[in-house]
Each structure stands twice: as C-alpha cells, then as structure tokens.
Amino acid sequence: MKKLLAATASLALMAGAAGAEDIKIGVILGFTGPLESITPAMGAGAELAMKEVTESGKLLGGSTVTSVRGDSTCVDAAAATAAAERLVTTDKVNAIMGADCSGVTGAILANVAMPNGIAMISPSATSPGLSTAEDNGLFFRTAPSDARQGEIVRDILKDHGVGSIAITYTNNDYGKGLAEAIERNWKESGGTVTISSAHEDGKADYSAEVGALASAGGDVLVVAGYVDQGGSGVVRAALDTGAFSTFYFPDGMVGEKLNENFGAELNGSYGAYPGTDSPGAAKFQEMAAGAGFDGTGPFAPESYDAAALIMFAMQAANSSASGDLAGKVLDVANAPGEEIFPGELAKGLELIAAGTDIDYVGATAVELIGPGESAGNYREIEFKDGKYETVKFR
C-alpha cells in the first residue's frame, strides 16, 4: 500500500532551498571473478539510469548522481566487505546498487550496510536465504529469489519431457540455495534427482566431479554454477567424456561466454534467466544499444531498475539519506500510481515532487513482494545453430 503523504508535494517545493547535492551511489559488482563477463553491462545499466536522472535536473533541487564502483569479486566475502567499507567510509556513498552474488551480498549487508545504515538494492543476488536475512529494512532486490527459479526450472524441464536430472552446483550460498530449490520442486512434481553434488570453482580439472555425475546418470545435467568459472569447467568435462549431451542452465550460467565457450556443442540444451517481454524491456534494450551495451544481458535491466528505485525513493523521501529513502522503496516500486518506464525517469521525479503516486514498472516489470524482492519473470532460452536464443517468457 502506498504511504506517500500529500505533504510530499509541499516539501518537494522546498527541496532546492538546501541546495543541489552531488549524490553518490555505490555500484558494487563482481568486475573480477566468476561473473566478470556479465557485470560490465550490469554496471552500465545502473549508470545509464544515473545519467538520465542527472541530465534531467529533477532530483532533489537539481542534484547530480555519480557512480562509485567497487569490486565484490562475487566470491570473496572479505574483499567484498572491504570494497563496501571503502564506498561507505571513504567515498561517502548515499546508497549501494549491489552486490551481485548472494554470499558477498549477505556479507556486505551484515558487516557494512546495517552497521552504517546504508540502503542497498541488489539486481542479482538470488539466494532464498536473503528473503529472511536480518536487514533493518535496508535491503531490497530487483531479482527474484531462487525459490521462484526452482519453480521455473521444474516447469521447463517438464515441458521438455524430462524424467530424471543430475544437479551440479557451485559450493556457495547461491549454488546451495538454488540446487535445493530445484531438487525440492522437481521431486514434488514426480521427477527423479539421481545426484546433487557440489563443485568448487577455480579447478583445472573436473573429471572426478563429472565421473560421479555420469555414474548416477540422468536425462539432463542441471548446472547451477558460474559461466566464467567451474560451471563451464564441468560442462567441458561432461562434453569431452560424453557423460551428458543435454544441459539445463540457470541464471548464473547464461551469458555470451556460454556461446563463445561451447557454440554448437550445446545445441538442444536450454535454460532461463530473469527477464520480461514488457514494453519497458524493449525500451531499455533500445536505450542500452544507444549507450553501447547489450540490454538483453543477464541482470543489466535489473541493474537499471535498482538504481532508478534508489533515486525515486530519494525523491519520495525528499532526502538522499539512506535512513530516509529505504522506507520509500516499496512505495515507488508498486501500484497504485502512474506507471513509469525506462526513459521516463524525469517524468517520475516530477510526479513525485508534485505529490503524485508512481508505480515504477521499469525494464523488468518491477513488482516487489514480501521482503522487498521481485515477484519473478524469466526469459527462457534454447541453444540452436551454435548460440542460445529466447524462445518464450514465463
């Protein structure tokens, strides 16, 4: 339910009195590590929203918004925490767009965001454990929980007539949570899981892991890993040994690197990652192309939306302080209100300043549920002619 007060309008009229600010938003993603091939587009997506708002001159009396990047590494909690500490204590960011991978996101939330009262919106941390993590009302995500992804995987596998699956997952919060969601949903639907086993990232040889998977068998190997790390290593070993010929790829395995690494070897394999065919998605893809990056890449639109929500929440709170804006995120993200799409951020800021409710639909048909996370829309893909292509949306 909306909580914007009529007084917002009168307060907003005085916003310029305090003078424009140089607002800083931290963008902390795994610019190095197992997802480094997809994070450039994610960072670009968030910064595209910041540029749009800055050029509009409509945020808090003409304030500008600057991106300050930090490297989460995706997998090193200590390094991610140190990067976030720098953003907060040295760079004085007002909020954080990020992090990306679930483990480092949880570490930053517990060790940096909560102690310092910093709001953060992740575009891609999907662990179900984050739904119930203590957050003092500071944490949100534009990506759906893997509890939802487990349902999507089940439905797609059923549609392909699969009876049994083997699961390999990266040995961290993301991999474990996703594997558990897939196994639970698959078994409840009557499917068979022959084996569910972890793999470690960073190894040169995955023959032992693939040997165990091959011994267990299965119609399809579900690879809940990272495209720039062990997930691709397992796939390579499975293909080279003939252990499996058909694979299912969840979100962390989807990216252009998958095409580059395997090409036609994956024809007939399939998967899904968050995405929508909404009008906002098409507009964002157009804007991204104009800015020189791929707007269909995994979590790039979610990153644009995460940054936009932070800035809209600031406008609704008439404050750039995290403690103020956090309480407004759900207000600007959900109905009722006038729908706002990519390229319309200036319009949204003007409406909020005038005391009018907005419903930010954005690039991903944003609707935040429960503890401030996306309800979940997915882009289903299939490998044909040496590359994956979208076949439908769910």
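Predicted model: local features only at pLDDT ≥ 70, side-chain atom pairs only at ≥ 80, totals over all residues.

Q: Where is Gly372 placed, and what is it in contact with?

A: Gly372 sits in the loop between strand 13 (368–369) and strand 14 (373–374); strands (E, at least two residues) and helices (H or I, at least four) are DSSP runs, numbered from the N terminus. Leaving aside neighbours within four places in sequence, Gly372 is in contact (heavy atoms within 4.5 Å) with Phe140, Arg141 and Leu330. Its C-alpha atom is separated by 8.3 Å from that of Val329, 43 residues apart along the chain.

Q: How do you know that strand 1 and strand 3 pair?

A: Two strands pair if DSSP finds at least two bridges between them. Strand 1 (residues 22–29) and strand 3 (residues 95–98) have 4 bridges, in the parallel sense, so they pass that test. Ile25 stands opposite Ala95 in strand 3.

Q: How many bridges join strand 3 to strand 4, and how many join strand 4 to strand 5?

A: Strand 3 and strand 4 (residues 120–122) run parallel and are joined by 2 bridges, with Met97 and Ile121 as bridge partners. Strand 4 and strand 5 (residues 139–144) also run parallel, joined by 3 bridges, and Met120 stands opposite Phe139.

Q: What makes a right-handed β-α-β unit here?

A: Strand 3, helix 4 (residues 102–116) and strand 4 make it. A crossover is right-handed if, with the strands pointing away from the viewer, the path from the first strand over the helix to the second runs clockwise.

Q: Why do strand 2 and strand 13 stand at the edges?

A: The open sheet has 7 strands in the order 2-1-3-4-5-14-13, with mixed pairing. Strand 2 (64–71) and strand 13 each have a single partner strand, so one side of each is left without a neighbour in the sheet.

Q: What makes a space a cavity rather than a pocket?

A: On a 1 Å grid over the protein atoms alone, a cavity is a set of points where a 1.4 Å probe fits but cannot get out, while a pocket is an open set with protein on both sides within 12 Å along at least five of seven lines; lining residues have an atom within 4 Å of a point. The structure holds 3 cavities of 30 Å³ or more, and the largest cavity has a volume of about 90 Å³. Residues lining the largest cavity include Asp100, Tyr174 and Phe299.

Q: Which residues are closest to the centre of the largest pocket, and how much space lies in it?

A: The largest pocket holds about 330 Å³ of space. Of its 17 lining residues, Gly255, Glu256, Asp294, Gly297 and Tyr388 are the closest to its centre. Helix 9 gives the largest share of the lining, 4 residues.

Conventions. Residues numbered from 1 in each chain as written. Heavy atoms only, no water. Points joined across faces, edges and corners; volume = space filled by probe spheres on them.
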